[in-house]
Amino acid sequence: MGPPGTPRVVVGHNFLYDRQRILEEYSLTGTQTRFLDTMALHVAVKGISSHQRPAWMKHCKSKAEKRERREEAVELVVGMLQNTEAQCDQEASEDRRAELPCLRNKLEEGLAQLQSEDFDMGPKEGPKKSWEDLTSANSLADVAKLYCNIDMDKEIREDFIKATPTEVLENIADYLSYCANDCAYHGLEFPSQAKVKKRLIGLADKAKNMMVDQSWKDNPWLAQLDWTPKVVGKSWGAFSEEQLHNPNPLLKLTQPTWLRDLLKNGPLHTSVINRTLPLLLRMSFDGYPLQYSVQQKWHYIEDGVLMRLPTAKRAKTLTVLSPTHCLPNLKSGRLSASDIALARDIPSDQHDSGLEERILALARSIAEQKDYQDVPSLCQLDWTPATVCSSPILSLSQSAAKLKLHWPKWYWDLACPKKGMPPGTLDITVCNCIAPILLQLSWLGWPLFHSREHGWTFHVRKHATFSTCLPPLEFFDPTDQALLEMAGHDHVFYKLPHKDGDKANVGSPLGKTFIRYAQDGTLTSPGGDATDALDMNAQCSYWMSARDRILNQMVIWQDNRVDMRIPDAWHAHVGNLLNPLQSHKWGMILPQVVTMGTIMRRVIEKTWLTASNAKKNRVGSELKAMVRAPKGYAIVGADVDSEELWISSCMGDAQFGLHGAMALGWMTLEGTKAAGTDLHSKTAGILGISRDQAKVFNYS
């Protein structure tokens with residue numbers, strides 16, 4: 001830009017982006033260059049708020065549709081004119097030839113009206129002009145069109161991103177013209193988380209195993225998922241590379257020794273029934289787990305004393321699953337098992353393939369358990385890994401068919417192959433729609449259900465004692481057929497409350513707005529998982545939202561090419577080269593500040609002006625601590641306390657010409673936070689909420 005001491009004014013649109021790339025600006029001594037941002041001027045004069053933007057976009061779309069219809073009408077009239085002129089030359093009838101000029105004159109008048117710039121677009125001036133026509137978006141093309149009626153072509157700008165330096169050099173004349181035109185338009189604009197994820201993966205694995213015994217049907221949360229069986233293979237991580245690509249003629253598998261023996265001998269073999277099945281069924285007598293030893297056979301320990309089944313009297317029991325011992329004790333209720341129906345069917349003489357499948361399903365589900373050491377019955381099994389060989393491998397497809405495995409579709413979708421990740425990796429976080437279901441969240445004790453039409457809801461039994469101001473829901477979306485059937489029987493559905501009102505849908509009950517509901521017990525889950533998930537989400541929410549903005553900050557470091565005039569920085573740079581382990585260097589960031597970024601003419605900046613204060617439970621909030629002042633300098637902060645509140649009170653008091661004339665003005669002048677007499681404290685007391693919540697209420 002030239003000597004930094006030369007006074008100059010640089011005019012540009014959103015010029016803070018360009019200022020970051022000016023060498024002289026990275027200096028503590030400063031420059032005499034001043035920047036005038038035309039985007040900030042536009043926002044201050046004719047900008048729109050975020051609440052106005054949807055209406056403005058709808059208006060622009062309507063104008064574009066009208067303009068398109070007008071162009072179609074112009075083409076139609078031009079075609080009719082051409083046909084009329086052709087008929088004049090070919091028409092034989094004198095009367096008809098005399099009528100054609102009149103018709104042509106009418107068509108020409110209509111064409112002139114259609115081609116008029118103001119046709120159907122509203123008057124340019126006057127009280128009827130819509131506010132949507134008095135504003136625009138903030139881009140240079142939109143601003144130039146609004147103030148100067150200039151149509152700018154910005155497509156060439158993409159070449160600076162996509163084109164190579166060689167391609168830019170070949171068309172340098174076009175690019176210089178583009179930059180020059182941009183500069184000319186500037187002068188014309190104003191002629192006047194890992195812990196919760198691990199828990200969710202564990203819950204998903206546990207829920208997947210419910211497919212074996214169909215117990216998911218009794219769970220109101222899991223019943224919402226798609227349990228259609230899906231065959232899985234190597235790309236889903238179901239089988240290892242060794243299993244499918246073993247060069248040996250036999251396929252090697254590793255499984256617990258007890259499972260190997262069960263599969264080898266058969267699920268109804270005498271040794272399996274006598275020794276293994278009672279342990280797999282977790283059988284107990286009067287609540288005491290059954291145990292087996294070679295000397296004492298089947299028994300249980302009560303208060304340190306070895307006890308036998310009463311049906312065995314003093315004899316040793318070789319098999320528990322027999323008509324003599326199993327059925328009478330099950331009937332009396334003293335003998336229990338994890339699957340009572342299976343325990344009853346095994347002693348019967350009617351053994352079929354269905355019974356074998358049930359035993360195999362039970363065995364496979366237990367073989368996948370990782371916490372077997374905590375179960376007294378299961379820890380008695382031989383869990384030593386055993387290698388077994390299956391039939392010869394003919395092909396990869398045949399080997400996969402031999403190892404056919406089914407997963408429920410919802411789990412199959414979670415584990416589907418992902419680029420750059422190992423097979424079988426579960427892509428699940430608190431942001432997934434399935435997370436509230438796996439956590440089994442409840443609202444006031446009633447389970448949550450997800451609706452395509454209404455977002456997250458909860459249902460209440462029709463005759464339950466429950467009072468709410470929420471309206472009951474009706475379902476019209478075909479994907480909510482299951483919820484519609486439940487609503488038609490004995491339940492009433494309600495939306496989860498949303499901060500934007502009844503018409504808004506809750507996208508995730510694990511968002512920041514639901515943290516207080518988890519803390520007061522309104523939103524719950526078994527084991528307190530909801531509170532942990534919400535706390536973890538709250539801790540990571542700031543970093544998740546600000547991560548990209550922080551990592552993409554443009555940092556210029558002090559070195560032999562850039563002299564920032566920072567004291568002792570050059571000595572530190574030389575020290576870094578000599579001893580890299582004690583690395584200390586200075587850098588500088590020029591924030592992309594928009595001096596007037598809102599219609600209230602308030603300054604905005606995406607990262608640093610919205611940076612959170614440091615909090616122990618907020619990851620990334622230590623960002624401000626990374627910014628240090630060099631030797632001899634200090635970082636100074638300033639803030640106008642309750643600026644909007646003071647402005648509102650002054651505007652009200654101005655109607656009477658006296659400070660404190662109105663209640664708001666008097667409370668602003670005399671109220672104090674310490675005495676609880678300020679506006680926010682009073683609002684909190686009236687509404688029964690916290691002072692921080694009252695501030696949000698007052699300023700919303």
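## Close-up views of a predicted protein chain

**View 1. Confidence along the chain.** The protein chain has a mean pLDDT of 80, and 86% of its residues reach 70 or more; pLDDT is the predictor's confidence in each residue, from 0 to 100. This is a predicted model, in which local features need pLDDT of at least 70 and side-chain atom pairs count only at pLDDT 80 or more, while totals for chains, interfaces and linings use all residues. Residues are numbered from 1 along each chain as its sequence is written, and side-chain values use heavy atoms, with hydrogens and water left out. A contact means heavy atoms within 4.5 Å.

**View 2. The whole chain, for orientation.** The chain contains 27 helices and 19 strands. These elements are DSSP runs numbered from the N terminus: helices are H or I with at least four residues, and strands are E with at least two. Of the 700 residues, 34% are buried. Buried means under 20% relative accessible area, exposed means over 50%, and partly exposed lies in between (1.4 Å probe, protein chains only). The chain exposes about 43,300 Å², and carbon and sulfur atoms supply 54% of that area. Accessible areas come from the Shrake-Rupley method with a 1.4 Å probe; for residues, only the protein chains shown count as cover.

**View 3. Glu25 and its contacts.** Glu25 is found in the loop between helix H1 (16-19) and strand E2 (33-37). Glu25 counts as buried because its relative accessibility is 10%. Leaving out residues up to four places away in sequence, Glu25 touches Arg19, Thr31, Thr33, Phe35, Met588 and Leu590. Met1 is 24 residues away from Glu25 along the chain, and their C-alpha atoms are separated by 9.5 Å.

**View 4. The largest cavity.** The largest cavity has a volume of about 40 Å³. Its lining includes helix H24 (643-653) and helix H25 (663-670) as the elements that give two or more residues. H24 provides the largest share, 4 residues. The lining residues are Trp646, Ser649, Cys650, Asp653, His659, Gly660, Gly665, Thr668 and Leu669. By class, 3 are nonpolar, 5 polar and 1 charged. Ala, Val, Leu, Ile, Met, Phe, Trp, Tyr, Cys and Pro count as nonpolar, Asp, Glu, Lys and Arg as charged, and the others, Gly among them, as polar. On a 1 Å grid over the protein atoms alone, a cavity is a set of points where a 1.4 Å probe fits but cannot get out, and lining residues have an atom within 4 Å of a point. Grid points are joined across faces, edges and corners, and the volume is the space filled by probe spheres set on the points.

View 5. Lys297 lies in strand E8 (residues 297-302), and its phi is near 60 degrees, a positive value in a residue other than glycine. Lys297 is buried because its relative accessible area is 18%. Gln440, in the loop between helix H19 (435-438) and strand E13 (442-443), has a positive phi near 55 degrees and is likewise a residue other than glycine.

**View 6. Val696 in helix H27.** Val696 is part of helix H27 (residues 691-699). Val696 counts as exposed because its relative accessibility is 58%.

Conventions
On a 1 Å grid over the protein atoms alone, a cavity is a set of points where a 1.4 Å probe fits but cannot get out, and a pocket is an open set with protein on both sides within 12 Å along at least five of seven lines; lining residues have an atom within 4 Å of a point.
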